[in-house]
Amino acid sequence: MGLFNSILGNASEVSPEQLHQKYERLLAKNEQIELGFKLFRDVFMFTNKRLILVDIQGITGSKAEYKSMPYKNISRFSLETAGTFDLDAELKIWISSEDQPTVSKKFNKSIDVYEVQRFLAEKVM
């Protein structure tokens, strides 16, 4: 089911320890990864200071774009829960005064999206 969820674009949780090992060069001094998810090849991490998006590009995956979004720049976010026939939940995040969400990520039912929303609310508010 993990590969099937990846193909559908659903995120699965990754341990902060695994992410820290792979992406510690991106972290500032005293910055810790607190929550992380993998979406096929892409990764997004919530640290104690910001949201980091890793966009793996190209056929070989050797090129990557790293986006950093401090929590203070997040103006709003929304959560759409999974329904009976809809197998995934979706988190949308707006940066500053943008009209469209900057980030839109889908989660499968194995992820407690309410906990993700609570985590983000505690960082933003």
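Trainee: Where do I start with a predicted model, and what is the mean confidence of the chain?

Mentor: Start with pLDDT, the predictor's own confidence in each residue. Here the protein chain averages 86, and 89% of the residues score at least 70.

Trainee: Okay, now the fold. How many helices and strands are there?

Mentor: Count the elements, then read their order. The protein chain has 3 helices and 8 strands. From the N terminus on, the order is α-β-α-β-β-β-β-β-β-β-α.

Trainee: What share of the residues is buried?

Mentor: Of the 125 residues in the protein chain, 37% count as buried. As for the surface, the accessible area comes to about 7800 Å², and carbon and sulfur atoms own 51% of that.

Trainee: What part of the contacts joins residues 24 or more positions apart?

Mentor: Take the contacts in the protein chain with a separation of 6 or more: residues 24 or more positions apart account for 36% of them.

Trainee: Let's zoom in on one residue. Where does T47 lie, and is T47 buried or exposed?

Mentor: For a single residue, look at its element, its cover and its neighbours. T47 lies in strand β3, which covers residues 42-47. T47 counts as buried because its relative accessibility is 0%, and the cut-off for buried is under 20%.

Trainee: Which residues does T47 touch?

Mentor: Leaving out residues up to four places away in sequence, T47 touches L27, E31, Q32, I33, E34, I52, Y71, F119 and K123. There is also a polar atom of the T47 side chain 3.0 Å from the backbone nitrogen of K49.

Trainee: E31, E34 and K123 are among those neighbours. How many salt bridges are there?

Mentor: For a salt bridge, look for a side-chain nitrogen of Lys or Arg within 4 Å of a carboxyl oxygen of Asp or Glu. By this rule the count is 3. One of them joins the side chains of E31 and R50, at 2.7 Å from N to O. This pair links distant parts of the chain: E31 sits in the loop between α2 (16-23) and β2 (33-39), R50 sits in strand β4 (residues 50-57), and they are 19 residues apart. Both E31 and R50 are buried.

Trainee: And which residue does K123 pair with?

Mentor: K123 bridges to E34, with the closest N and O atoms 3.0 Å apart. Again distant parts of the chain are linked, as K123 is in helix α3 (residues 113-124) and E34 is in strand β2, 89 residues apart. K123 counts as partly exposed because its relative accessibility is 27%. E34 is partly exposed too, at 34%.

Trainee: What about E115: which residue forms a salt bridge with it?

Mentor: That one is R118, and the closest N and O atoms are 3.6 Å apart. E115 and R118 are 3 residues apart in helix α3, so about one helical turn separates them. E115 is partly exposed, with a relative accessible area of 41%, and R118 is partly exposed at 44%.

Terms used
Residues are numbered from 1 along each chain as its sequence is written. This is a predicted model: local features need pLDDT of at least 70, side-chain atom pairs count only at pLDDT 80 or more; totals for chains, interfaces and linings use all residues. Side-chain values use heavy atoms; hydrogens and water are left out. Helices (H or I, at least four residues) and strands (E, at least two) are DSSP runs, numbered from the N terminus. Buried means under 20% relative accessible area, exposed over 50%, partly exposed in between (1.4 Å probe, protein chains only). A polar contact is a pair of N or O atoms within 3.5 Å; within protein, one must be able to donate a hydrogen and the other to accept it, and residues adjacent in sequence count only if both atoms are side-chain atoms. Contact means heavy atoms within 4.5 Å. Accessible areas come from the Shrake-Rupley method with a 1.4 Å probe; for residues, only the protein chains shown count as cover. pLDDT is the predictor's confidence in each residue, from 0 to 100.
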